[in-house]
Amino acid sequence: MENINQIPKDEGIDHSLTLLKEGYEYILNRRKNLQTDIFETRILGRKAICLGGKEAARLFYDETKFQRQDAVPNRLIETLFGKNSVQTLDGEAHQHRKKMFLNALTEEKVANFLDIAKIEWEKALDKWSKKEEIIFYEEVKTLLCKAAFKWIGYPIYEENADVFMNELGAMFESSAAIGIEHWMGRIKRNQMEKKMEQLVERIRSNKVQVHPDSILHQFVFYKDLEGRQLDAETAAVEIINIVQPVVAISIYINFLVMALAHFPHERVKLKQHPDYAHFFIQEVRRFYPFLPFVAARAKSSFTWNGYAIQEGTLVLLDIYGTNHDPNLWNNPDEFQPERFAKWKDDRFSLIPQGGGNVKTTHRCPGEQLTIEMMNLALAYLLNKMDYEVPEQDLYITKDDIPSIPKSKVILRNVKRQKESIH
């Protein structure tokens, strides 16, 4: 019989406030202090097991051992995911619903999105060049919002773009907030859900026509395992869940500008070696904080590395800490894109958007679109536009989730590079 070890504990009555204070580094700090990849804590009055590292990620994405139902905190459902969303499903129901997203994210459809995004970037660049300075983060959110709705087959009016952008942005910006900011996020989500629910009903009643090959049409008329259409509210939730993550790519594009500003020597490598862009983008995804952790519940009792995990236990996987694990990455707190020159993707060490097989686990199906959009943005930032980064507060704190600098990245004197003028 396997020997059962006692799981190390983060002693104390409750660590919710400490989690808020330390943010992305809460689990990683405990793993370092306790010298373990597993420990027990209490969050919001509930016992939780925290895991980190490559083997922990491999365990966490074993669908036979964990489920997402009842694991996601209600505050995330009410802001980030929505009720009855694909992120809250398990087993066959999850696989079936996720196919709807995978069908929207084929290589062809991702290429179509990039074509649309390029047009929007060109239009935005013309607008930016007429201003003395811009708040880049907000501008890119609007750009991506316009592109996302055109991509799914429902172009939004120009005057509505900022409203839609603010509602979608509030969903991921407020998910970990407390107080009025969090409640404003809920209100914004409810407003967007109501719009999308009305859109679903109007499409189904033929009051609004959308192309039958469009992503929007596929989502509106999707049928579940029992052959039934989703209720209008759930269909609206999933429409939001295809466009909202696209808008959230603005955070990563912010990180691109910050990396170019903080590590200016990288520009030379990027200019001289075209393949280096891939290493640079992967390092941005690894180095900067995006997701802090993800949650699941144990389907049944089992042991892992001599530790017993009981059925129903809440388990948190350390996303940020795994991407900064010194056992996986040499000098993890240093920005070193070259580390990816010989790196082989094993699906469990670089996990900024989750781990495992994208087709069979809860790994984000939009990860490739994210990478491709970052590649497009980097090409513009390097080769198609000149700009200045004035003195500002670009510091990001690990207790602010998502991690967005206070200045939101101000750019000044944005102009087209002369060689890129058509």
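Residues 24 or more positions apart account for 72% of the contacts in the protein with a separation of 6 or more, where contact means heavy atoms within 4.5 Å. The structure is a predicted model, in which local features need pLDDT of at least 70 and side-chain atom pairs count only at pLDDT 80 or more, while totals for chains, interfaces and linings use all residues. Residues are numbered from 1 along each chain as its sequence is written, and side-chain values use heavy atoms, with hydrogens and water left out.

The protein contains 15 helices and 10 strands; these are DSSP runs numbered from the N terminus, with helices (H or I) of at least four residues and strands (E) of at least two. A compact globule of 422 residues would have a radius of gyration near 22 Å, and the 22 Å of the protein agrees with this. The radius is taken over C-alpha atoms, and the globule rule is 2.2 Å times the number of residues to the power 0.38. Along the principal axes, the C-alpha trace spans about 70 × 55 × 40 Å. Of the 422 residues, 54% count as buried (buried is under 20% relative accessible area, exposed over 50%, partly exposed in between, with a 1.4 Å probe and protein chains only).

Helix α11 (residues 232–262) can be followed through two helix pairs. Its axis and that of helix α9 (residues 180–204) come within 8 Å and cross at roughly 115°, which makes α9 roughly perpendicular to α11. Axes here are lines fitted to C-alpha atoms, for helices over the stretch in contact, and angles run from 0 to 180 degrees between N-to-C directions. Angles under 35 degrees count as roughly parallel, over 145 as roughly antiparallel, 65 to 115 as roughly perpendicular and the rest as oblique. Residues of α9 in the contact include Met192, Met196 and Val200, and those of α11 include Val237, Ile239 and Ile240.

Helix α5 (residues 91–104) also meets α11, with axes that come within 11 Å and cross at roughly 40°; the two are therefore oblique to each other. Here Arg97, Met100, Phe101 and Ala104 of α5 meet Thr234, Glu238, Asn241 and Ile242 of α11.

Some backbone details are also worth a look. Glutamine 35, in the loop between α2 (26–34) and β1 (38–43), has a positive phi of about 50° although it is not a glycine. Glutamine 35 counts as exposed, at 74% relative accessibility. Leucine 44, in the loop between β1 and β2 (46–51), has a positive phi near 55° and is exposed, with a relative accessible area of 62%.
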